[in-house]
Amino acid sequence: MKRISTLPFKGTPAQEKELQSWLKENRDMPGVVMTALQKAQEIYGYLPLEVQRMIATALDKPLAEVYGISTFYSQFSLSPKGEYKINVCLGTACYVKGSGPIFDALKQELNLEDGDVTPDGKFSLEAVRCIGACGLAPVMMINDDVYGRLTGNADELKEILGKY
């Protein structure tokens, strides 16, 4: 089940203007709700309820339809991402080599659950199925930085997080 953010929505007037302009221009496109959600996520980085309401209103669609699509497809996020996006691989190679306890240690260190963001918006944490660096298992990424052959040692994780 997707987690819905409890952080306050911080959209800007410029973001809203960009989305409203796109919605007005494309409202008659077949399958517009899916494409509108993709555009909104591109603009805002995620799909808070406030943005879903904008889409539903502008397209004259029920909010339930917009919400249903945004929660069905894994490409959509209902929670904001942190300035530093931490992805921990829980794919087979990484999991067998100990990525599960690493993920658990990060959850504890940051006081987050999967898909959450810290209250200051600095870090978000997400389990992913494959990063594509199986030879370095277990692996995590922080934004575009790859950290492989992790031991899960608390000091190792604190040192990595300390860089950010």
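Which residues of helix 2 are buried? Keep that in mind as we walk through the model.

Before you start, note that this is a predicted model, in which local features need pLDDT of at least 70, side-chain atom pairs count only at pLDDT 80 or more, and totals for chains, interfaces and linings use all residues. Residues are numbered from 1 along each chain as its sequence is written, and side-chain values use heavy atoms, with hydrogens and water left out.

**Stop 1: helix 2**

Select residues 32-44, which form helix 2. Helices (H or I, at least four residues) and strands (E, at least two) are DSSP runs, numbered from the N terminus. Helix 2 has 13 residues and spans 18 Å from its first C-alpha to its last, close to the expected 18 Å; that expectation is 1.5 Å times one less than the number of residues.

Now colour V32, V33, A36, L37, K39, A40, Q41, I43 and Y44: these are the buried residues of helix 2. Buried means under 20% relative accessible area, with exposed over 50% and partly exposed in between (1.4 Å probe, protein chains only). They pack against helix 1 (13-26), helix 3 (49-59) and helix 4.

Zoom in on Q41, which counts as buried because its relative accessibility is 17%. Leaving aside residues up to four places away in sequence, Q41 touches Y46, L47, Q75, F76 and S77. Contact here means heavy atoms within 4.5 Å. Just after helix 2, click on G45, which takes a positive phi of about 90°.

**Stop 2: helix 4**

Axes are lines fitted to C-alpha atoms, for helices over the stretch in contact, and angles run from 0 to 180 degrees between N-to-C directions. To see the contact, show V33, M34 and L37 in helix 2 together with E65, V66, I69 and S70 in helix 4.

**Stop 3**

Next, select the four strands, which form an open sheet in the order 2-1-3-4 with mixed pairing. Strand 2 (123-128) and strand 4 (145-147) stand at the edges with a single partner strand each, so one side of each has no neighbour in the sheet. Two strands pair if DSSP finds at least two bridges between them.

Look at strand 3 (residues 140-142): three bridges join it to strand 4, and the two run antiparallel. M141 has V146 in strand 4 as its bridge partner.

Finally, show helix 7 (residues 154-162), which lies across strand 1 (84-89), strand 2, strand 3 and strand 4, at about 25° to strand 3.
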